[in-house]
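My entries follow in the order I made them.

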Amino acid sequence: MRAFRYLALMLALLAPSAFADGLYQVELILFRQSGEATPASQPAPDDWANGAQSLASVGERATALNGEAAKLNPGNGYQVLLHKAWTQSVGANPSRVAVSAGDQQLGHFPVEGTVTLSQVRYTDVAVDFWVNQFDGSGLLSGSERIKQGTRLKTGELTYLDHSSLGVLIRVSPL
């Protein structure tokens, strides 16, 4: 019995190091699918980033999914709204990065959102993106939203679906 307690104690002490934060490359493509846009019930909130790390602070990288992005063209019924890659630390505590595209207008971007990653045994992702429309004076007049989460297979391309928006994401260890 004493040996079992000793083994359990050793596993408890060593297990957290097995799940230490790792550095990953994250690449995301947000696109609109053909058909009618599905407006969100409310426009994007002013605190859409809500304390997330900025993309500049985590390190933007060159994109690698350029072939996949090229296939998402208007001739095939798609429009790429955002295509970015960055370095992100992933561990047991969720890490969240704010990603945006386009020129900021009164605190909002045409495309803005967050990517949250965590990993204990598996890698989990949650995306929350807003595609915003502005009126003639630059005020936010409406938004589309995709808010999805899933478990990822590291290094594999994963598709997240919404009625009018879609996300392709790949998370690979560095």
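Is Gln-25 buried or exposed? I found that Gln-25 counts as buried, because its relative accessibility is 17%. The cut-offs I used are under 20% relative accessible area for buried, over 50% for exposed and partly exposed in between, with a 1.4 Å probe and protein chains only.

I noted that this is a predicted model, where local features need pLDDT of at least 70, side-chain atom pairs count only at pLDDT 80 or more, and totals for chains, interfaces and linings use all residues. Residues are numbered from 1 along each chain as its sequence is written, and side-chain values use heavy atoms, with hydrogens and water left out.

**Gln-25**

I placed Gln-25 in strand 1, residues 22–33. Strands (E, at least two residues) and helices (H or I, at least four) are DSSP runs, numbered from the N terminus. The side chain of Gln-25 makes a polar contact of 2.7 Å with that of Arg-61. A polar contact is a pair of N or O atoms within 3.5 Å; within protein, one must be able to donate a hydrogen and the other to accept it, and residues adjacent in sequence count only if both atoms are side-chain atoms. Beyond four places in sequence, Gln-25 has contacts (heavy atoms within 4.5 Å) that include Ala-85, Trp-86 and Val-171.

**Thr-63**

I found Thr-63 in the loop between strand 3 (60–61) and helix 3 (66–71). Thr-63 is partly exposed, at 26% relative accessibility. Its side chain makes a polar contact of 2.7 Å with the side chain of Asn-66. Thr-63 also touches His-83. These two are 20 residues apart in sequence, yet 7.6 Å apart in space, C-alpha to C-alpha.

I traced an open, mixed sheet of five strands in the order 2-5-6-7-8. Strand 2 (53–54) and strand 8 (140–152) each have a single partner strand, so one side of each lacks a neighbour in the sheet. Two strands pair if DSSP finds at least two bridges between them. Strands 5 and 6 run antiparallel, joined by seven bridges.

**Ring pairs**

How many aromatic pairs are there? I counted three. Rings of Phe, Tyr and Trp (its six-membered ring) pair if their centres lie within 6.5 Å; planes under 30 degrees apart are stacked, over 60 edge-to-face and the rest tilted. Phe-31 lies in strand 1 and Tyr-78 in strand 4 (residues 78–90), so the pair ties together parts 47 residues apart in sequence.
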